Amino acid sequence: MSAEDTHAPDGVPPTAGPPFVREFEATLPVHSQFVLWGNRHDSFLVRESGSARPRLLSLPDLLWETLRASGYACLLVHDPVDGLRVHLPAGATAEEADQAEAAASRLLPRRPRPGTLPSLETLRTLMAELTRPAQPVRAALAIDDASRIARSATELEPNERDFFRFCARLSRTAVPVGAQSGRTTPLYNPVIWLADREGDLPAWLTSANDQIRSIGLPVPDLGDRQATARLLMKLFGVTDLDSDPRATEACDAFAAQTDGLTLQAMIEVTRLARDRGLTMTELPDAIRIYKLGVMDNPWKREYLRERITDGQHSIPQRVVGQPQAVTKTLDILKRAALGLSGAQQSRSSARPRGVLFFAGPTGVGKTELAKAISSLIFADESAYLRFDMSEFSAEHAGDRLIGAPPGYVGFEAGGELTNAVRQQPFRVILFDEIEKAHPRILDKFLQILEDGRLTDGRGSTVHFSESVLVFTSNLGMNVEDGGGRLVPHVHPDMPYEEIEERMKAAISDHFTRVLGRPELLNRFGDNIVVFNFIDGEAAARIFGLQLDNIVSRVHEEQGVVLEVDPEVRAALRKRCTDNPHMGGRGIGMALESQFVNPLARALFDRDPAAGAHVRVTGLRREGDIVSVELA
């Protein structure tokens, strides 16, 4: 389906078009040139008096109907590929086509033939003849893809600079055409620049020039999307929307879920749904396919509920000693799997599937839990993406996430975050030690957390609506005393409830008072998950798991069956778990220095054959040197 499929018979002037076209029509008597920039490739709603059903028009069709209602005889369109043409909407009669061609020939008797290679010199001649007409013919010239005329709006080639200087002078020397078609005010034959961004044309062309009016074309609001959704429902066989509650509900959901999309995109989503044989109630699936370009949806897999249920037993085997954190995380994942994230909102949300803020001591399993989530939901730890936010302490480092802006080095490469999510939108994304990022970089997360999307440096929109975002932080572990020194704020002897309360209060204070970003804290809501200190029992379990991993690695790499005597195991456990404050990571570092290094030295010297059985029978310490005894 296209915009033309909803076209009504020509000849009826728009009476309630978008605000920008009403502004354009009202200022035709006082401006000789217009810059229309922004959402120029969209379709636009036009409502006529006496008609309950609106129409969807392309921008050239909308401009032509507006101009024709003001007495203009034709609309000429120039683009950098095909050159000049007389614009005619779909469904134009042969008589209307002949009249428009005749008007163009009277106004521009030497206009280039169709297929003539366009050039700035040709366009310059056309603009001069149009705006200072020899014949009293009202016409307009739309310059399509005006953003592509110059290589750069700030670094013009000599011929480009001369061309735009000519355009600036022409805007002030244009001659209005006398009153026609019952209008008493003369109107200019306008030049209409159609650009992607206002800054794509030289700033000095429009600045301090009252003859050139710049008008932005915004993305459609909810009201326009609702009207378009009602219009498109007829393609699903709905003839009377008001008498069909199910269709009304699907229509409202369609409009809400397409927030940020154009009306033309809604048309394309509808076409996609029909092509896939989807019903109107399955339009959310078509929206997801349109946004993300993927058919399979891991969040809809039948086994997901079973995997999350099993996670209540499997995750504590990986993340030891954190029952409260694991339980709350699984609750949030259950909500995400059911599509209930943001369900309290009055409209459907495109926010990320899940948002988690892990806070607590170092080495207690925050990163490991994020990896476990990736394996649990997507059955693939490669869907886990980690960013160390200590690398983003400088403001300009944010370009690494979304890509450099146009004109800067690395623009073509895009951003590490946006590229990865565009390639694989079903991800667990970990932002480690978020408090170390520059405050300006934190602002980039506001749009992701609120709208589930982000615009990269190249202007493309990336959607995070199917991702799980995990932020980790050590905030609240230490606070400044009266002398500016950091002192412990929580300690292992506190009950978990007090640790949780103190940590959340410190996080709130940091975002509101220190950073001045209370709105970012509000986006996290109640999704702050506080981890506890590792106690003695958990430390012993972590030690046992890590020692077993060492034994398994020796067998995998060397083919040697390694056995550790109980006395050695007990001595090692005491040495490695004496200070559990450093968490599992500290236990691992102690194991490396107390066992892995001397074991590697002993195995290297003995060089046992593959298949050999080796027993560790003792540990010996001489100064700082630890040795193992093998049998």
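The model is predicted, so local features need pLDDT of at least 70 and side-chain atom pairs count only at pLDDT 80 or more, while totals for chains, interfaces and linings use all residues. Residues are numbered from 1 along each chain as its sequence is written, and side-chain values use heavy atoms, leaving out hydrogens and water.

Side chains of opposite charge can pair when their charged atoms come close. A salt bridge here is a side-chain nitrogen of Lys or Arg within 4 Å of a carboxyl oxygen of Asp or Glu. How many salt bridges does the structure hold? There are 34.

Let's start with Arg 148 and Asp 196, whose closest N and O atoms are 3.1 Å apart. Arg 148 sits in the loop between β6 (139-143) and α5 (158-173), and Asp 196 in the loop between β7 (191-195) and α6 (203-206), so this pair ties together parts 48 residues apart in sequence. Helices (H or I, at least four residues) and strands (E, at least two) are DSSP runs, numbered from the N terminus. Both residues also belong to a salt-bridge network with Arg 40, Asp 144 and Asp 145.

Next up, Arg 225 pairs with Asp 259, at 3.8 Å between the closest N and O atoms. Is Arg 225 buried or exposed? Buried, at 4% relative accessible area, whereas Asp 259 is partly exposed at 22%. For the cut-offs, buried means under 20% relative accessible area, exposed over 50%, and partly exposed in between (1.4 Å probe, protein chains only).

Last one: Glu 391 and Arg 400 meet at 3.2 Å, N to O. Glu 391 is partly exposed at 42%, and Arg 400 is partly exposed at 32%.
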